[in-house]
Amino acid sequence: MAPARMLLKKTDTLHRVLLVMRLMAGLALLLSPAVILLAGAWPVVALATLLAGRLVVYGGDDGSDQMLTIMSLTFAVALPLGLVDERIARAGVYFIGAQACLAYSAAGIAKLLSPDWRSGVAIRGILSTRTYGLKRVAVTVQRYPALALTLAVATVAFESTFLLAPVLPSVALLVLLAVAAMFHVSTAVAMGLNGFFWSFVATYPAVIFLNESVGALL
Amino acid sequence: MRFLLLSGVGVWLSVWFAVSVAAQFSDRAGDLFPRSKRLGLIPLWTFFAPHPGVHDLHLLYRDRLRSGEVREPSYVPTIDSRRLRHSLWNPEKFRNKVLSDLADSLVEQYSHLVKEGRDVRVIMLSTSYLVMANLAMKMPRPAEVVARQFILARDKTFETSPAREVVFLSEFHRFDEGGR
């Protein structure tokens, strides 16, 4: 066994256990008819597993874990209290929708301001690492620099557009969310960032809810 | 009661969102809430920007023999190659990320000490140094080896010319007498 595996074996095992617990909480919510009970229970399980992971391990988390933590804490509070007053549950959903819009737009604007991203160098560099790249994808991007630039421009464009997500027409919003979901599928395959698909796509109903509510006000 | 609950949650979420927005512009916003920041509740959403990591950091080690001779560096495998199944189930990402974060942290702390003109040996007390040293010291040790040094080097694995660059060299650490 490689030393890295040996040294991190305990935390590695704990990490897998926490992942499975979270998966079970999600499946229970999907499959059980007792939605009201689980609406209060699953965020608590999700939150407990996320915080346990953060408290015992040095680093290792990424933006997908952050979004899951924020979402779990918000719903752990807002959904049970939403049974007392529906407006509290609504506030929680608005908050998650707004966090998702903030996440994408901040990522897009930060990339737009970066010369590395505007030139396509960033994409080529990221995909050239073993950590986030696949050899076949890396070689293709190196062979066709225009492809790297196109990917960078497309990423910046769709991420930045989320700044307007609360006020977009419904069809435009659905197209944007579909593009974003496809982006997460591609980064899961090409970069191994599978966690982002689950945590960010899970926010889309909240983004739609936020958009519909803003639309009703305008 | 309902009004109090609604107001309380409303204020909490509003402050949280305001701090989240401010944190995208300045680290100081998150520093006001260190515990929340540590738990990942104050997000920084600038993924891979402005300067993304475009290198793989590798952990290597080299041995000093009883004769005083120093051997060529060897590689400590820390980055797992990815498979297609990792698109769905990728718990290994966590371990790779822990080691990558530790290596980045070590390089950053070392640069900071050099910049501040402080004694760089204090880095040996850092978590990242201790973990890296531990990993290197656990690699197989031939009988004639008396001390070991670890090295952090970076490259772009899939680049056409992946030139490797050394970014950190540790002290030589002696093995315990009789220790393996």
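**Notes on the predicted model**

1. Between chain B and chain A there are 12 residue pairs in polar contact, both residues of each pair being at pLDDT 80 or more. Salt bridges between chain B and chain A number zero. On chain B, the elements that give two or more residues to the side touching chain A are helix H1 (2-23), strand E2 (74-76), helix H4 (92-116) and helix H5 (127-137). The model is predicted, and the points below should be read with that in mind.

2. The contact draws 75 residues from chain A and 66 residues from chain B. About 6500 Å² is buried between the two chains, and carbon and sulfur atoms give 67% of this area. B:Trp45, B:Arg82 and B:Phe158 together supply 14% of the area that chain B buries against chain A, more than any other three residues.

3. Chain A has 12 helices and zero strands. Of its 218 residues, 49% count as buried. Taking contacts in chain A between residues at least 6 apart in sequence, 63% join residues at least 24 apart.

4. Over all chains, a search of the whole structure finds 20 aromatic pairs. One of them is stacked: the rings of A:Tyr94 and A:Phe209 have planes at 25 degrees, under the 30 degrees required, and centres 5.4 Å apart. A:Tyr94 belongs to helix H5 (residues 86-112) of chain A and A:Phe209 to helix H12 (residues 204-217) of chain A, so this pair ties together parts that are 115 residues apart in sequence. A:Tyr94 is partly exposed at 28% relative accessibility, and A:Phe209 is partly exposed at 26%.

5. A:Tyr104 and A:Phe200 form an edge-to-face pair, because their planes stand at 65 degrees, over the cut-off of 60, with ring centres 5.4 Å apart. A:Tyr104 lies in helix H5 of chain A and A:Phe200 in helix H11 (residues 194-201) of chain A, so the pair ties together parts 96 residues apart in sequence. A:Tyr104 is buried, with a relative accessible area of 3%, and A:Phe200 is buried at 1%.

6. A:Tyr104 and A:Phe200 also belong to a cluster linked by ring pairs.

7. The structure holds 10 salt bridges over all chains. In one of these, the side chains of A:Lys111 and A:Glu159 meet at 3.0 Å, N to O. A:Lys111 lies in helix H5 of chain A and A:Glu159 in helix H9 (residues 145-161) of chain A, so the pair ties together parts that are 48 residues apart in sequence. A:Lys111 is buried at 3% relative accessibility, and A:Glu159 is buried at 3%. The charged end of A:Lys111 also sits over the ring of A:Trp117, 5.1 Å from its centre.

8. In chain B, B:Arg71 forms a salt bridge with B:Glu144, with the closest N and O atoms 2.7 Å apart. B:Arg71 is in the loop between strand E1 (56-65) and E2, and B:Glu144 in the loop between H5 and strand E3 (145-155), so the pair ties together parts 73 residues apart in sequence. B:Arg71 is partly exposed at 31%, as is B:Glu144 at 32%.

Notes. Residues numbered from 1 in each chain as written. Chains lettered and ligands numbered in written order. Predicted model: local features only at pLDDT ≥ 70, side-chain atom pairs only at ≥ 80, totals over all residues. Heavy atoms only, no water. Phe/Tyr/Trp six-rings, centres within 6.5 Å; stacked < 30°, edge-to-face > 60°. Helix = DSSP H or I, 4+ residues; strand = E, 2+ residues; numbered from the N terminus. Buried < 20%, exposed > 50% of the residue type's maximum accessible area, 1.4 Å probe, protein only. Lys NZ or Arg CZ within 6 Å of the ring centre and 35° of its normal. Contact = heavy atoms within 4.5 Å. Buried area = accessible area lost by both parts, 1.4 Å probe. Salt bridge = Lys/Arg side-chain N within 4 Å of Asp/Glu carboxyl O. Polar contact = N/O pair within 3.5 Å; in protein donor to acceptor, adjacent residues only side chain to side chain.
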